[in-house]
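Subject: Handover of a structure

Dear colleague,

I am passing a structure on to you, together with a summary of what was found in it. Please look through the entry below before reading on.

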Amino acid sequence: MVAVKTLKTPVSLRVVRSATEISDGEAFARVAAGERSALGVVFDRHSRPLLQFAMRVAGRADAEDVVQTTFERATSLAASFDREATSARPWLFAIASRVVLERRRAFARFAAALARLGSSAPPPSQLDTARLDVLDGLERLAPAKRVTLVLAEIEGYRCEEIARMLDVPVGTVWTRLHHARTEMRAFLAEGKP
């Protein structure tokens, strides 16, 4: 017969509450503390209404991106969320609203960049075609030129800021930007009848 040794060590049991018992404030406090899985609780509660909102204000094509960006920002801002708050819905909708506005501004800068490249803003019925044409043109650019053009024309950064971001001389940024604009003008002119 084999003797069985019994361990008498105290075992502490941690009571895990269900997701429905955790407030949004507590979930964001956990996210701020590094527990990224707690974001899932808030996502499960609020992603559907946010998606519906985004579809209404940004359109179906951009809605999922808006929601994803909203939750990315909420993650980085989790420490600023009121831990006593029971619902994050108004806060998340405010973030989503800002994301939509930023995307619209970016698109407006994009249209203005097209105008500066020698073409006029396309009529609303041709926006999708114009968007695809520009994306095709961007793909043809060398990566360094593409990044520089997007940072300047779409994201709205000044050449000095881009130089610091990319850790290159400002003259290099100017040169890349000049060549990228020239190449994009040529590409977009090819597609015209």
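Residues are numbered from 1 along each chain as its sequence is written, and side-chain values use heavy atoms, with hydrogens and water left out.

Confidence is given as pLDDT, the predictor's confidence in each residue, from 0 to 100. Its mean over the protein chain is 79, and 80% of the residues reach 70 or more. Among the elements, α1 has the highest mean pLDDT (94) and α5 the lowest (70). Over residues 1–17 the value stays under 50, and the model has three contacts beyond four places in sequence for this stretch; a contact means heavy atoms within 4.5 Å. Where pLDDT is low, the predicted coordinates should not be read in detail.

The protein chain has eight helices and zero strands. Helices (H or I, at least four residues) and strands (E, at least two) are DSSP runs, numbered from the N terminus. Of the 193 residues, 33% are buried, where buried means under 20% relative accessible area, exposed over 50% and partly exposed in between (1.4 Å probe, protein chains only). Of the contacts with a separation of 6 or more, 61% are between residues 24 or more positions apart.

Turning to the aromatic rings, Phe, Tyr and Trp (its six-membered ring) pair if their centres lie within 6.5 Å; planes under 30 degrees apart count as stacked, over 60 as edge-to-face and the rest as tilted. By this rule there are five aromatic pairs. One of them joins Phe-28 and Trp-91 edge-to-face, with 5.1 Å centre to centre and 80° between the planes. This pair links distant parts of the chain, as Phe-28 lies in helix α1 (residues 24–32) and Trp-91 in helix α4 (residues 89–116), 63 residues apart. Phe-28 counts as buried because its relative accessibility is 0%. Ring pairs also link Phe-28, Phe-81 and Trp-91 into a cluster.

Finally, Arg-140 lies in helix α5 (residues 127–140). Arg-140 has 58% relative accessibility and therefore counts as exposed. Leaving aside residues up to four places away in sequence, Arg-140 touches Phe-187 and Glu-190.

With kind regards
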